[in-house]
Amino acid sequence: MRKAHKWQIEGSQLLMMLLGSFLLAFTYYHINFQNGLSEGGFVGLALLGKYLFDLPPALSMIALDIPIFILALFLKGRKFIVSSLFASMMFSAFYELCERFSPLTFNLHHNLPLAALLSGVFIGIGAGMVLRAGGATGGDDILSLIVSSWSGIKIGTVFILMDAVVLTISLFFLPFAETMFTIMAVLISGKVITWIVNYGKRDLAPLRIPYGMKKKTARA
């Protein structure tokens, strides 16, 4: 009986992943997309593939995500994969709904520091909620979890480093100002992610990244 239910997700985790996925999608569309902020992670790599080699971003994302999901299946287990697939699908669905039906417009082109601040805070909260609930919204998030589990580096710091590499390369191909303010947003979101994931756990036993392989800490 225990094995039959081992992969199932609790209602509180589902709710947290739903809220986190919605906040991510809302912010990516209304703040990042509407104000021309760039992207880090696998999305940023897919965009670079489009600019450099005219590769379809959707196919590039799938090609990048699949091997990471397969690796996570062996290293983190089926429950983590189920949670991550659920969060990824919800993020995509919410983003599509925002893109098609949202009447809201946040025009911050003349105040990009505010756009970067809002992006960093809300993306950090959304991603942190999904991670705290035991899932991830994409292959780059999963890769960050794996690296954090192996190295003991703070999960938010790993996010920052991965995004910073992609965005630094993007400086050669994308608008300078928008890319620099995206880096600012990434720095903020990384700190917020670490705080959300570790909140209330500082005085407990070493924090384990959800469904991690070893008892290595993600120090706050």
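Predicted model: local features only at pLDDT ≥ 70, side-chain atom pairs only at ≥ 80, totals over all residues.
Reader: What percentage of the residues count as buried?
Author: Of the 220 residues, 45% count as buried. Buried means under 20% relative accessible area, exposed means over 50%, and partly exposed lies in between (1.4 Å probe, protein chains only).

Reader: How many helices and strands are there?
Author: The protein has 9 helices and 0 strands. Both are DSSP runs numbered from the N terminus: helices are H or I with at least four residues, and strands are E with at least two.

Reader: What share of the contacts joins residues 24 or more positions apart?
Author: Among contacts with a separation of 6 or more, 78% are between residues 24 or more positions apart. Contact means heavy atoms within 4.5 Å.

Reader: Turning to rings, how many aromatic pairs does a search of the whole structure find?
Author: The search finds 7 aromatic pairs. Rings of Phe, Tyr and Trp (its six-membered ring) pair if their centres lie within 6.5 Å; planes under 30 degrees apart count as stacked, over 60 as edge-to-face and the rest as tilted. One of the pairs is F22 with F26, which is tilted, at 5.9 Å centre to centre and 40 degrees between the planes.

Reader: Where do F22 and F26 lie?
Author: Both are in helix α2 (residues 11–33), 4 residues apart, about one turn of the helix. F22 is partly exposed at 38% relative accessibility, and F26 is partly exposed at 24%.

Reader: And what is the geometry of the pair Y29 and Y95?
Author: Y29 and Y95 form an edge-to-face pair, 5.8 Å centre to centre with 90 degrees between the planes. Y29 lies in helix α2 and Y95 in helix α5 (residues 78–101), so this pair ties together parts that are 66 residues apart in sequence. Y29 counts as buried, at 11% relative accessibility. Ring pairs also link Y29 and Y95 with Y28, F33 and F91 into a cluster.

Reader: Which residues of α5 are buried?
Author: The buried residues of α5 are K79, F80, I81, S83, S84, A87, S88, F91 and C98. The ring of F80 has K76 over its face, at 5.6 Å from the ring centre. A charge sits over a ring if NZ of Lys or CZ of Arg is within 6 Å of the ring centre and within 35 degrees of the ring normal.

Reader: Changing topic, what is the phi of D54?
Author: Phi of D54 is near 60 degrees, a positive value in a residue other than glycine. Most residues other than glycine have a negative phi. D54 is in the loop between α3 (41–53) and α4 (57–76), and D54 is exposed, with a relative accessible area of 53%.

Reader: Which residues does I160 contact, leaving aside its neighbours within four places in sequence?
Author: I160 is in contact with V186, L187, G190 and K191. I160 itself belongs to helix α8 (residues 155–170) and is buried, at 12% relative accessible area. The C-alpha atoms of I160 and K191 are 8.6 Å apart, although the two residues are 31 apart in sequence.

Reader: What covers the buried residues of α8?
Author: The cover includes α3, α6 (112–132), α7 (139–151) and α9.

Reader: Which residues does UniProt list as "transmembrane region"?
Author: The unreviewed UniProt entry lists residues 12–31, 51–73, 80–97, 112–131, 152–174 and 180–199. UniProt positions are given in the numbering used here, feature names are shortened, and annotations may be inferred rather than shown by experiment. In the model, residues 12–31 are 100% helix and 0% strand, with end C-alpha atoms 28 Å apart. Residues 180–199 are 95% helix and 0% strand, with end C-alpha atoms 29 Å apart.

Terms used. Residues numbered from 1 in each chain as written. Heavy atoms only, no water.
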